[in-house]
Each structure stands twice: as structure tokens, then as C-alpha cells.
Amino acid sequence: MQLHVLNHPLVEHKMTVLRDKNTPSNIFRELISELVTLEAYEATRNLAVVDRKIETPIAPMVGKHLASPRPMVVPVLRAGLGMLDGMTKLLPTAEVGFLGMKRDESTLDIITYANRLPEDLTGRQCFLLDPMLATGGTLVAATHYLSERGAKDITAINIIAAPEGLKKLEETIDPSIDFKVVVCAVDERLNDQAYIVPGLGDAGDRLYGLID
């Protein structure tokens, strides 16, 4: 597993505003989008490209063009939807799939309740979007779900991560997967309720409001 933590004054500033409990939802959503665009720049550093012959107004040349098949961007519902706009701003030609996962409160197993993905992801570079990497359980399940469909190059883009979640990924993700994680910050720890400390609260609720 490769881990990249963004280190930039703009990221630190935006993260401080994002974490503030007094930041309203509209600003929170805007900041998530901006941060994801910054993350996407790093996350897409190794996108596959091919040569392409073009002519500039001055002379012919050989440039670079994104290779086929198109990259696949997969937000994990529901909070991952808040990251989609920021990702597609930088990568507008990507195909978008959706994956809904939740934890069964009695068995603690991860249940997939929604899926809008191609059956075959062989050769696709995939990007999983989920704001919070807490225990790591959902991200492990999502990564292996994509891998079972043939994806072997998978990058997780998260806003914040807990050390416990990163450790679980390191220990659990199939080593045959070229797996990378890009985050804006690694926080201190998880509390007894598995919330990231200091964290930013429930990202889904802060993006979209409370659901009874």
C-alpha cells in the first residue's frame, strides 16, 4: 500500500475551516469539492497515457493522451457523492460508477446495498471516493469488490484517515492489488464510537443534513 498525505498551506487552511463545527453545509460542500480536486491532482499522477500525434498552429508534434479504457470513479454512498464534483472537474472524461455499502449492526459485516458498476473492470484504473477512513472496513470491502470484477489498480481518495484504518488496510488489502491511498490529513485516533479524533464529525450529515 502506498500512502500520500497532502502537505500544502492551502490544504491546511481549508481543512481548518472544514473541521470547524460552525462551518455551514454549503461552505462544507464547497471545501470538500476543492480539497478533492487538489487530491485528484496527486491521485492521478500515474494515469496511463499513450502517444498522440497532433498539429499545433506552428508545427506537428507528439503529445500524450489518456489511454483506454477510461478511468473509473466510484463514490461510496452516500458521503462519497459529495466528492464526485471535485474529482470530475479534474478528470471529466472518467466513467462514474456507484457503490452503496453499510455495516450490519448485529453481525458487523459490510453489506453492499447498491451497485452501478460494469461487470468487468479488467484494465481499468479505479478511484474510490469516501471522505472518512475510520476503521477501514468499508474501504477494504469496496476495494475487494472492485478487485473481484478485475480491477487491479485502485486508489482510495479520502479527506481524513485514522491510524487504525490505515493499519487495517495495510494488513488486509490483497497484495496483488496496486493499492494507493491519498488523504488530506491523518488524525490522532478513533474514539470508543469509532469516530475520528479530532475529525470533522459525520461527513454525510454535514454534507446533506441529518436523516432520522
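A: For the classes, Ala, Val, Leu, Ile, Met, Phe, Trp, Tyr, Cys and Pro count as nonpolar, Asp, Glu, Lys and Arg as charged, and the others, Gly among them, as polar. On that basis the lining of the largest pocket divides into 13 nonpolar, 7 polar and 6 charged residues. The model is predicted: local features need pLDDT of at least 70 and side-chain atom pairs pLDDT 80 or more, while totals for chains, interfaces and linings use all residues. Residues are numbered from 1 along each chain as its sequence is written, and side-chain values use heavy atoms, without hydrogens and water.

The volume of the largest pocket is about 840 Å³. A pocket here is an open set of points on a 1 Å grid over the protein atoms alone, where a 1.4 Å probe fits, with protein on both sides within 12 Å along at least five of seven lines; lining residues have an atom within 4 Å of a point. Points are joined across faces, edges and corners, and the volume is the space filled by probe spheres set on them.

The lining has 26 residues, and Asp130, Met132, Ala134, Thr138 and Asp202 are the closest to the pocket centre. Two or more lining residues come from each of β4 (72-77), β6 (98-103), β9 (132-133), α4 and α6 (203-208). These elements are DSSP runs numbered from the N terminus: helices (H or I, at least four residues) and strands (E, at least two).

Helix α4 spans residues 137-148.

Definitions and conventions
Axes fitted to C-alpha atoms, helices over the stretch in contact; angles between N-to-C directions.
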